[in-house]
Amino acid sequence: MDYLCFKALCCKGPPPPRPEYDLVCIGLTGSGKTSLLSQLCSESPENIVSTTGFSIKAVPFQNAVLNVKELGGIFLLVVEGGACLYHSSYLLELLIQPGADTIRKYWSRYYQGSQGVIFVLDSASSEDDLETARNELHSALQHPQLCTLPFLILANHQDKPAARSVQEIKKYFELEPLARGKRWILKPCSLDDMEAVKDSFTLLINLLEERELEPSRM
């Protein structure tokens, strides 16, 4: 009996590897994407800078690892006849005008291979920015590469006085009619309550696991 106990303790193999999921994280500049992801990775706040082009972070959880591709800002360098977009991997010359709306046009280049979507919005933003965020979320929910994927929508900056409630965001963004039949979660969040943020990501992992177990995907 002692031998069997010893064998069970000493010969037990390593735990199975945690599943990994590839996610894309999008949202307007200033919504807080980088800060939230950096906090989840236990990075020092002093080292947080706005994302240029895109960055990939492996965010560890107890039952999964999320490889999150965050799509951020791009340096715009004015050149003759237009602008030159620079991000971390290459230079791309385009006959366009600079601006954040121009940058967002290229988000879709990085959607391929995603298994889920994180959309971060600033719940305390101006009416104009909130309208822009709504349009971008609607575009993402209807994009052919994203429309069947689970969405985690984070209403960030809930610690600010001007923050809208989750119910206000849900109504303004028309989520009930637009996302009917889709897998989506809308949660309030702020850097002051990272435990709530982690709980929201755990719910997203549950959706990812459910999707993976669907018969059509086996």
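Modeller: Start with a term: a salt bridge is a side-chain nitrogen of Lys or Arg within 4 Å of a carboxyl oxygen of Asp or Glu. This is a predicted model, where local features need pLDDT of at least 70, side-chain atom pairs count only at pLDDT 80 or more, and totals for chains, interfaces and linings use all residues. Residues are numbered from 1 along each chain as its sequence is written, and side-chain values use heavy atoms, leaving out hydrogens and water.

Colleague: How many salt bridges does the structure hold?

Modeller: It holds 6 salt bridges.

Colleague: Which residue forms a salt bridge with glutamate 43?

Modeller: Lysine 57 does, and the closest N and O atoms are 3.0 Å apart. Glutamate 43 lies in the loop between helix H2 (33-40) and strand E2 (54-61), and lysine 57 lies in strand E2, so the pair ties together parts 14 residues apart in sequence. Helices (H or I, at least four residues) and strands (E, at least two) are DSSP runs, numbered from the N terminus.

Colleague: Is lysine 57 buried or exposed?

Modeller: Buried, with a relative accessible area of 15%. Glutamate 43 is partly exposed, at 31%. Buried means under 20% relative accessible area, exposed over 50%, partly exposed in between (1.4 Å probe, protein chains only).

Colleague: New topic. What does arginine 134 meet in a salt bridge?

Modeller: The side chain of glutamate 174, at 4.0 Å, N to O. Arginine 134 is in helix H4 and glutamate 174 in the loop between H5 and helix H6 (175-178), 40 residues apart. Salt bridges with shared partners join Glu131, Arg134 and Glu174 into one network.
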